[in-house]
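Welcome to this guided tour! Open your viewer, get your selection tool ready, and follow the stops one by one.

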Amino acid sequence: MNSSPLEQLARISRNPRSRVIITGGSGFLGRALTRALIEEIGVNPQSILLVARSEAKLIDAQHELNVRIACGDVANRTFVRRVLSGATGVFHLAGFKHLPLAEEQCLECISVVWRDGFRRQ
């Protein structure tokens, strides 16, 4: 029987060796998800690794949420393999954040979110 995503997250939160990766972790959605995982599900903040390109935003998120961080680009195959090694779960939220820009540069947006974020793993 398959368990729900919330049940899976609760199980992860009880495992001291769990490692949850959140790409785009320093953005609005990444931080909101991180807060929900910590405050509502009970995931240990130190088991969460936020991944993003913005060093300054990652450091702010680390201070705010007491999580681990990795600065890099999901388009970099070596980086993605390294951060995903040993991951218990992954939330892929990296991508374009401005809708008008995504609409103007649709192919690039799809490339970043889908090809670079998933296929290159």
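## Stop 1: a salt bridge to begin with

Select Arg35 and Glu64: the two form a salt bridge, with their closest N and O atoms 2.7 Å apart. A salt bridge here is a side-chain nitrogen of Lys or Arg within 4 Å of a carboxyl oxygen of Asp or Glu. This pair links distant parts of the chain, since Arg35 sits in helix α2 and Glu64 in helix α3, 29 residues apart. Helices (DSSP runs of H or I, at least four residues) and strands (runs of E, at least two) are numbered from the N terminus.

A word on what you are looking at: this is a predicted model, in which local features need pLDDT of at least 70 and side-chain atom pairs count only at pLDDT 80 or more, while totals for chains, interfaces and linings use all residues. Residues are numbered from 1 along each chain as its sequence is written, and side-chain values use heavy atoms, leaving out hydrogens and water.

## Stop 2

Together, Arg31, Arg35 and Glu64 are linked in a network of salt bridges.

Which of these residues are buried, and which are partly exposed? Buried means under 20% relative accessible area, exposed means over 50%, and partly exposed lies in between (1.4 Å probe, protein chains only). Arg31 counts as buried because its relative accessibility is 16%. Glu64, at 41%, counts as partly exposed, and Arg35 is partly exposed with 28%.

## Stop 2: walk around helix α2

Colour Gly30, Arg31, Thr34 and Leu37, the buried residues of α2. They cover an arc of only 125° around the axis, which puts them on the same side of α2. That arc is taken from the directions between the helix axis and the C-beta atoms. Here is a handy rule: an α-helix has 3.6 residues a turn, so residues three or four places apart point the same way.

Next, turn to the face of α2 directed away from its buried side, which carries the exposed residues Phe28, Leu29, Glu39 and Glu40. Just after α2, stop at Gly42, which takes a positive phi of about 90°.

## Stop 3: a nonpolar patch

Which residues make a nonpolar surface patch of about 340 Å²? Select Phe28, Leu29 and Leu93 to see it. Patches are made of residues with over 30% relative accessible area and no salt bridge, joining like charges within 9 Å and nonpolar side chains (Val, Leu, Ile, Met, Phe, Trp, Tyr) within 5 Å. The areas come from the Shrake-Rupley method with a 1.4 Å probe, and for residues only the protein chains shown count as cover.

Leu93 is found in the loop between β4 (89–92) and α5 (99–104). With 33% relative accessibility, Leu93 counts as partly exposed.

## Stop 4: a polar contact

Move to Thr23, in strand β1 (residues 20–23). Thr23 is buried, at 7% relative accessibility. Its side chain makes a polar contact with the side chain of His92, at 2.7 Å. A polar contact is a pair of N or O atoms within 3.5 Å; within protein, one must be able to donate a hydrogen and the other to accept it, and residues adjacent in sequence count only if both atoms are side-chain atoms.

## Stop 6

Select Arg53 and Asp73, another salt bridge, with the closest N and O atoms 3.8 Å apart. Arg53 lies in the loop between β2 (48–52) and α3, and Asp73 in the loop between β3 (68–71) and α4 (77–84), 20 residues apart. Arg53 is exposed at 62%, whereas Asp73 is partly exposed at 29%.

Finally, zoom out: the protein chain has six helices and four strands. Of its 121 residues, 36% count as buried.
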